[in-house]
Amino acid sequence: GLKARFDEFEMLGVEVDKAEYEARLQVEIDVIRNMDFPGYFLIVWDFIRWAKENDVPVGPGRGSGACSLVAYSLLITDIDPLPYELLFERFLNPERVSMPDFDIDFCMNRRGEVIDYVTNKYGKDNVGQIITYGQLKARACIRDIGRALNFSFGETDRIAKMVPDVLNISLDEALEQEPRLRDLRDEDPRVDKLFEIALRLENLNRQAGMHAAGIVISEEPLWKYVPVSRGANDEIVTQYAKNEVEEAGLVKFDFLGLKTLTVIDDAVKLVNAQRSKTGEDPFDLRRIPMDDPAVFREISKGNTTGVFQLESSGFQELLKKLKPDCFEDIIAAVALYRPGPLGSGMVDDFIDRKHGRKKVEYPHDWLEEVLKPTYGVMVYQEQVMKTAQVMAGYSLGGADLLRRAMGKKKPEVMAQQKGTFVEGAEKLEVDTKKAEEIFDLMAYFAGYGFNKSHSAAYALITYQTAWLKAHYPV
């Protein structure tokens with residue numbers, strides 16, 4: 001697979017250090033074999049190969065799976081992890097045994113065909129959908145109980161709408177925050193009874209549904225591992241939800257439907273229908289240059305309606321300020337356009353540094369190579385990991401554990417990790433005060449850091465839709 005990728009690079013005129021790729025491939029293969037995951041990779045390889053051979057559009061990758069050179073060599077993903085410093089340990093950490101997790105995007109209209117292929121290949125009793133449980137949350141609880149107590153629709157609707165619009169708010173919190181609910185309860189014994197019952201039933205499972213993307217595959221019929229039920233179309237559905245299914249030893253695969261892949265596929269087919277009339281060679285989206293000035297001009301104007309991920313008015317404003325002029329900038333924009341970074345001032349800092357209004361500074365000279373693509377700002381989880389490796393001699397597996405600990409922000413764990421980091425930095429003759437500063441900086445950014453491999457893979461779809469919009473707008 002890697003040899004085929006090398007041939008591809010040659011055809012595109014891209015020069016790479018083959019020895020570096022081969023060494024990385026060997027490291028990954030050793031980890032995959034030691035952790036006993038070749039079967040998992042091969043199952044994913046098999047259904048993606050089938051999808052591509054049958055012209056089902058498949059995404060370039062998503063989540064941390066795009067970090068893997070093995071996945072890139074097997075054509076599971078389509079983004080080369082090496083130029084973008086995507087770290088394999090972010091996907092499979094040899095120091096922490098957890099299931100690998102490839103989330104795969106397919107064309108929305110044809111995703112079902114790939115699931116059918118897997119079902120036929122591994123046996124209809126061995127492949128199942130995963131159950132989800134809908135719980136009685138505050139508003140739904142009021143509506144359901146109101147209906148059972150013969151309240152009119154209007155009455156329950158009025159009471160339910162008084163519950164503050166806060167994600168996962170409990171009834172106790174609603175009664176505390178909304179005095180009108182308390183008054184209503186005191187004035188009307190029927191409403192008081194409704195709340196008395198609702199407070200007991202809140203958070204019970206209300207109905208079963210089906211996970212939008214999750215599929216499990218087992219070696220023998222599913223009922224040998226987990227209790228099963230039937231779905232609306234008679235398919236087998238596990239009675240355990242996704243976390244318990246994995247604890248029971250089953251392997252979960254996510255088959256996601258992505259509308260943009262369908263849009264791209266339609267656009268490319270229309271382009272090629274035109275080209276065939278004029279006798280031109282068919283157009284291949286995988287061969288477009290990644291540095292096309294026309295694409296960056298359109299994006300910098302905020303002319304991004306129809307461009308994957310960049311459509312919202314807020315994102316268009318960000319792009320007009322950022323004026324991306326390279327693919328790395330698009331990867332960063334996708335990672336930065338989230339509430340945390342936007343609220344922290346990181347985004348303005350990033351834009352000012354890019355345009356020279358602020359000096360690009362690095363916390364330490366050793367970190368220039370790690371932070372150069374993002375103008376000295378720590379944007380990605382992978383940069384937090386590399387910082388631990390460069391400044392304190394961590395292995396990348398250990399750095400991934402540190403990143404996870406920083407994300408959870410438990411004070412006692414953080415104190416212990418800080419001690420380890422400073423000790424490692426002192427061995428490399430880094431000043432203690434400087435090491436503590438860098439650790440605190442990492443801990444701050446780890447709260448906002450985004451997974452670069454997901455950002456890079458999705459930025460590729462963004463770039464492809466922007467390219468099609470720039471060159472084939474109709």
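**Close-up 1. The charged end of Arg 190 sits over the ring of Phe 151.** In this predicted model the charged end of Arg 190 is placed 4.2 Å from the centre of the Phe 151 ring, where a charge sits over a ring if NZ of Lys or CZ of Arg is within 6 Å of the ring centre and within 35 degrees of the ring normal. The charged end of Arg 49 likewise sits over the ring of Trp 45, 5.4 Å from its centre. The model is predicted, and local features need pLDDT of at least 70, side-chain atom pairs count only at pLDDT 80 or more, and totals for chains, interfaces and linings use all residues. Residues are numbered from 1 along each chain as its sequence is written, and side-chain values use heavy atoms, with hydrogens and water left out.

**Close-up 2. Tyr 84 and Phe 327 form an edge-to-face pair.** A search of the whole structure finds 29 aromatic pairs, which are rings of Phe, Tyr and Trp (its six-membered ring) with centres within 6.5 Å, counted as stacked when the planes are under 30 degrees apart, edge-to-face when over 60 and tilted for the rest. The ring centres of Tyr 84 and Phe 327 are 5.7 Å apart and their planes stand at 70°. This pair links distant parts of the chain, 243 residues apart, with Tyr 84 in the loop between helix H4 (69–73) and strand S1 (103–107) and Phe 327 in helix H15 (residues 327–336). Helices (H or I, at least four residues) and strands (E, at least two) are DSSP runs, numbered from the N terminus. Tyr 84 is buried at 18% relative accessible area, and Phe 327 is buried at 6%, where buried means under 20%, exposed over 50% and partly exposed in between (1.4 Å probe, protein chains only).

**Close-up 3. Asp 78 and Lys 52 meet in a salt bridge.** A salt bridge is a side-chain nitrogen of Lys or Arg within 4 Å of a carboxyl oxygen of Asp or Glu, and the N to O distance here is 3.6 Å. Because Asp 78 lies in the loop between H4 and S1 and Lys 52 in helix H3 (residues 38–53), the pair ties together parts that are 26 residues apart in sequence. Asp 78 is partly exposed at 26% relative accessibility, as is Lys 52 at 30%.

**Close-up 4. Asp 349 forms a salt bridge with Arg 353.** The closest N and O atoms of Asp 349 and Arg 353 are 3.3 Å apart, and both residues lie in helix H17, four residues apart, about one turn of the helix. Both Asp 349 and Arg 353 are buried.
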